[in-house]
Amino acid sequence: MKVFYELTTKKSFSEYDLNDEVMISVRYRYSGKRLNTSTGVSVKIKDWDKSWRNRVNKEPILKSDSDYKNKNLKIKQKLIEVTRVVEGLEKDELIPTVDLVKSHLRENKVLKIKKTLKQIHFFEKILTVFKLYIFDSLKSLL
């Protein structure tokens, strides 16, 4: 079992241009299967530290990126989220398989509420605009 983050690449690393942006994902491996979870953070190839695992601070995004602090924090938060799910499953004496971790990650997501036009009262808005129009036209006549 291993949890880590890395670049989500479709082709070999050397084929990318230095200014190409690539998404970073948290990867969880267990018994030969893997789960990729997107962090929502993209970074340019030139700002990614290839040897970040050997460093003391272990931050993969270099200071050459203008928003490196926030991006590193978002990556660490996602890594901690996946690690907590795995530890919670182990605490409940369950085997943290990839499918089980994936289903628990889906449960933790916040549902987005779609804003609809049901709560907007068009008649009141039209009446207000109509009153302003009449008021302005009466002002111009006087």
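Biologist: Over the face of which residue does lysine 2 lie?

Modeller: This is a predicted model, and in it a charge is taken to sit over a ring if NZ of Lys is within 6 Å of the ring centre and within 35 degrees of the ring normal. Lysine 2 lies at 5.5 Å from the ring centre of the residue in question, which is phenylalanine 4.

Biologist: In what order do the elements of the protein chain run from the N terminus on?

Modeller: The protein chain has three helices and three strands. Read from the N terminus on, these elements run β-β-β-α-α-α.

Biologist: Is arginine 27 buried or exposed?

Modeller: Arginine 27 is found in strand 2, which covers residues 21-30, and, leaving aside its neighbours within four places in sequence, arginine 27 is in contact with several residues, including Lys2, Phe4 and Leu35. Buried means under 20% relative accessible area. Because the relative accessibility of arginine 27 is 8%, this residue counts as buried.

Biologist: With which residue does the side chain of arginine 27 meet in a salt bridge?

Modeller: Side chains of opposite charge can pair when their charged atoms come close. In this case the N to O distance is 2.2 Å, and the partner of arginine 27 is glutamate 6. The pair links distant parts of the chain, 21 residues apart, with arginine 27 in strand 2 and its partner in strand 1 (residues 2-7), that partner being glutamate 6.

Biologist: What separates glutamate 81 and lysine 78 in helix 1?

Modeller: Glutamate 81 forms a salt bridge with lysine 78, and their closest N and O atoms are 3.5 Å apart. Glutamate 81 is partly exposed at 27% relative accessibility, whereas lysine 78 is buried, with a relative accessible area of 15%. Because the two are three residues apart in helix 1 (residues 68-91), they are separated by about one helical turn.

Biologist: How much accessible area do Phe130, Tyr133, Ile134 and Leu138 have together?

Modeller: Leucine 138 lies in helix 3 (residues 122-141), and at 47% relative accessibility leucine 138 counts as partly exposed. Together with Phe130, Tyr133 and Ile134, Leu138 forms a nonpolar patch on the surface, and the accessible area of the four is about 420 Å².

Technical notes
Residues numbered from 1 in each chain as written. Predicted model: local features only at pLDDT ≥ 70, side-chain atom pairs only at ≥ 80, totals over all residues. Heavy atoms only, no water. Helix = DSSP H or I, 4+ residues; strand = E, 2+ residues; numbered from the N terminus. Buried < 20%, exposed > 50% of the residue type's maximum accessible area, 1.4 Å probe, protein only. Contact = heavy atoms within 4.5 Å. Patch = residues over 30% accessible without salt bridge, like charges linked within 9 Å, V, L, I, M, F, W, Y side chains within 5 Å. Areas by Shrake-Rupley, 256 points an atom, 1.4 Å probe, with all protein chains shown as cover.
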